[in-house]
Amino acid sequence: TRKESSAASDVYKRQVMNDVMSLGSHRLWKKEFVKLMNIQKNESIIDMASGTGDIAKLIAKDSNYTKIIRVDPNYLMLKKGTDSFKGNKKISEICSAAEQVPLKSESVDIYAISFGIRNTFDTEKATQEAYRLLKKGGKFICLEFYKVEKPILKELYKLYSKIIPSVGQLIVGDKGPYEYPVSYTHLTLPT
């Protein structure tokens, strides 16, 4: 259908944009991201901003998890990745924004979000929601582009951050999600 074709095109454009922004290294970063989760036996995981399920696919290679809940506000993106998980009853999906996920408080061991903070409507609220969902002692793990502090790299990154929104407009047709490196300051994490 036309909608599915448009969603496939959007997925492709966002993947190209991730390649441009990270010079292709986002694939390696995602593998390291999953290793950092240090998944223990019977842990449940939310793959927030799951998209087509890149992170869930990497997690599913580890047999320790009890369940993976893929969450994304874009139904077509979730569905695009569903075929990869057919027959795996330990992986489910919820179409929801990060700011209000229809799950019980303290229901997951790991909350993982990869290149998705920039797409939340309200970063503070999304972070508070993540902590609501996490069990006591749970892990919040986020992979995202952010500010660089080393003086020489900082200047290069400033320039890069000013160019990226225009590249996003050109490739994806939307510069909004790529303006965050310039305007992003900090998150106040709940205690």
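Predicted model: local features only at pLDDT ≥ 70, side-chain atom pairs only at ≥ 80, totals over all residues.

**The sheet and its surroundings**

Five strands make up an open sheet, ordered β3-β2-β1-β4-β5, with parallel pairing.

Q: What makes β3 (91-95) and β5 (134-143) edge strands?
A: β3 and β5 each pair on one side only, and are therefore the edge strands.

Q: How much does the sheet twist from one strand to the next?
A: The twist averages 20 degrees from strand to strand.

Q: How do you know that β2 (residues 65-72) and β3 pair?
A: A pair needs at least two bridges. β2 and β3 have 5 bridges, so they count as paired, and the sense is parallel. I69 has S92 in β3 as its bridge partner.

Q: What does helix α4 (residues 75-82) touch in the sheet?
A: Helix α4 packs on the sheet with contacts to β2 and β3. Contact here requires heavy atoms within 4.5 Å. The direction of α4 makes about 140 degrees with that of β2.

Q: Which strands does α5 lie across?
A: α5 lies across β1 (43-48), β4 and β5, and runs at about 140 degrees to β5.

Q: Where is N119 found?
A: N119 is in the loop between β4 (108-114) and α5 (123-133).

Q: Why is N119 called partly exposed?
A: Buried means under 20% and exposed means over 50%. N119 has 39% relative accessibility, which lies in between, so N119 counts as partly exposed.

Q: How far apart are N119 and A49 in sequence and in space?
A: N119 and A49 are 70 residues apart in sequence, and their C-alpha atoms are 8.3 Å apart in space.

Methods:
Residues numbered from 1 in each chain as written. Heavy atoms only, no water. Helix = DSSP H or I, 4+ residues; strand = E, 2+ residues; numbered from the N terminus. Buried < 20%, exposed > 50% of the residue type's maximum accessible area, 1.4 Å probe, protein only. Axes fitted to C-alpha atoms, helices over the stretch in contact; angles between N-to-C directions.
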